[in-house]
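Hi,

Here is the structure I promised to pass on. Have a look at it first, and then read my notes below.

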Amino acid sequence: MTPEPHVPIDVSVIRLLSGKQAWHYRIIPFDHSEDILNLYADEERFYDTLQDELELLTGKKIRIRKIPKATIQELLEKLYPSDRQDSRLQNSYYTGSADSFLDNLITEARNLKSSDIHIETYEERSRVRIRIDGNLVQRYLLEKQQYPSLINKIKILSNLDISEKRLPQDGRIFFEKNGHKFDIRVSILPTLHGEKVVLRLLSNDATNIDIQTLGFSEQDLQNYLDGLKKPEGILLISGPTGSGKTTTLYATLKLLNKDTRNVLTIEDPIEYTIEGVNQVQLKESIGLTFAAALRNFLRQDPNIIMLGEIRDTDTANMAIRMALTGHLVLSTIHTNSAWGTISRLVDMGIPPFLLADTIRTTVAQRLVRLLCPTCKIKRQAKDDLFPSRLKAFRKVDVHYVPKGCPECFNTGYKGRKAVYEVIPVDEDLAGEIKQRNFNIRELLAQRGIRSLSENAFNLFEQGLTSLEEIYSLLI
């Protein structure tokens with residue numbers, strides 16, 4: 001039976017051969033016993049002498065199962081990615097120097113546009129994974145005896161206590177090497193077999209953020225920009241963690257940042273720096289909370305205030321107060337839909353009449369992975385493509401599915417795009433808020449306001465993403 005590249009093979013089996021050996025012989029170990037090692041091998045290669053050579057190398061009896069060349073290639077790319085013949089990824093394994101490995105790891109993650117590095121340990125192995133386009137990809141396996149020195153190096157760089165291994169710790173690293181300058185947020189968590197570290201790479205460079213390229217449809221962008229033209233009020237962006245809300249806020253700040261305006265922000269953390277914007281880092285340990293900072297902002301003569309997140313009633317009340325006194329307030333909130341932000345604020349205790357007077361625009365957004373243009377596969381759409389619950393959406397003749405290749409690290413996806421739902425709050429909708437009417441879907445449809453699901457389906461219809469990727473937005 002020919003294996004599919006996505007079928008998992010136990011890491012303990014993979015480690016029986018080094019990456020260099022696997023690539024050199026074009027073989028993949030998939031099962032073993034005390035004295036037998038089973039291998040997948042490239043059917044196009046000549047293996048008469050290979051069996052004896054590998055038996056001498058491994059000390060086990062070798063059994064070979066030949067499979068197609070393309071399948072071997074995909075398995076090698078997935079299971080031994082650090083050793084593949086790809087100039088973009090020629091980075092060394094951890095060979096004992098925590099300094100060089102950490103520097104190379106951070107530089108590699110930065111070059112791959114990764115947002116997070118996960119360093120974690122288990123009973124018999126340790127590993128490094130990096131988050132690319134929202135998904136974690138395994139990059140390295142570490143020897144257990146090398147793991148503590150790497151963790152201690154991270155603790156020293158982030159000014160943490162290397163002797164404390166029982167409690168969580170948080171710190172920051174300022175990384176500067178080969179022209180790269182950026183902050184790294186460090187989180188250390190004690191687990192059953194040792195300390196797990198997550199490094200969040202903060203860009204600090206807002207140069208490439210452009211509101212025109214984030215993913216707004218033409219109509220949604222116009223509605224969004226219209227809301228920014230008003231000198232006072234609140235603009236709220238909703239969505240789960242990791243949906244790109246902060247990036248949208250920074251793109252908005254770049255647009256609003258003028259010499260004639262005083263722009264203040266309170267953030268946790270400050271992910272980008274923008275020249276001309278006065279940015280404040282939240283420090284709850286010393287009492288610098290969102291609400292405390294906002295109270296002091298009023299004495300700073302601001303025109304525009306960006307609040308990283310509305311977390312509680314005090315913060316929401318301060319945001320309302322600032323909007324009522326003639327300021328434009330930008331913020332985020334955790335809700336599932338654009339209109340759901342209204343009911344969430346009412347649940348926090350904000351009177352509906354105050355919301356009706358201050359909310360100017362409410363936005364919901366999600367990030368959708370885009371199919372890799374190099375390897376995506378075109379398929380004819382069958383009648384059973386859409387489950388019964390999705391019959392409301394129009395039918396398509398063809399669609400695309402992910403495959404996986406070296407360009408996309410065998411995930412089938414490369415890059416992400418935001419999808420939005422933008423609701424401009426006019427007098428009619430303000431009246432609905434005052435009446436606590438939160439079921440306004442028909443009213444929005446009459447005005448031609450597209451929902452998240454509609455905009456996500458458009459990406460699928462254009463062949464840019466898969467049904468699997470947007471399915472949760474359609475139901």
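Which residue takes a positive phi in the hairpin of β5 and β6? In this model, which is a predicted one, that residue is D133, with phi near 55°. The hairpin has two residues between its strands. As for the strands themselves, β5 covers residues 126-132 and β6 covers residues 135-142, and they pair in the antiparallel sense over seven bridges.

R369 lies over the face of Y413, and here the distance to the ring centre is 3.9 Å.

Now the aromatics. I get seven aromatic pairs in the structure. The F30 and Y40 rings have their planes at 15° and their centres 4.0 Å apart, so this pair is stacked. F30 belongs to strand β1 (residues 27-32) and Y40 to strand β2 (residues 36-42), so the pair links parts of the chain that are ten residues apart. Y40 counts as buried because its relative accessibility is 8%, and the cut-off for that is under 20%.

F216 and Y420 make up another stacked pair, with 3.8 Å from centre to centre and 10° between the planes. This one links distant parts of the chain, 204 residues apart: F216 is in the loop between β9 (194-202) and α7 (218-228), whereas Y420 is in strand β18 (residues 413-424). F216 is buried, at 10% relative accessibility, and Y420 is buried as well, at 1%. Y224 comes in here too, as ring pairs link F216, Y224 and Y420 into a cluster.

Last, helix α11, which runs over residues 340-347. Its buried residues are G340, T341, I342, L345 and V346. What covers them? After α11 comes G349, which has a positive phi, near 105°.

That's what I have for now.

Cheers

How values were computed
Residues are numbered from 1 along each chain as its sequence is written. This is a predicted model: local features need pLDDT of at least 70, side-chain atom pairs count only at pLDDT 80 or more; totals for chains, interfaces and linings use all residues. Side-chain values use heavy atoms; hydrogens and water are left out. Buried means under 20% relative accessible area, exposed over 50%, partly exposed in between (1.4 Å probe, protein chains only). Helices (H or I, at least four residues) and strands (E, at least two) are DSSP runs, numbered from the N terminus. Two strands pair if DSSP finds at least two bridges between them. Rings of Phe, Tyr and Trp (its six-membered ring) pair if their centres lie within 6.5 Å; planes under 30 degrees apart count as stacked, over 60 as edge-to-face and the rest as tilted. A charge sits over a ring if NZ of Lys or CZ of Arg is within 6 Å of the ring centre and within 35 degrees of the ring normal.
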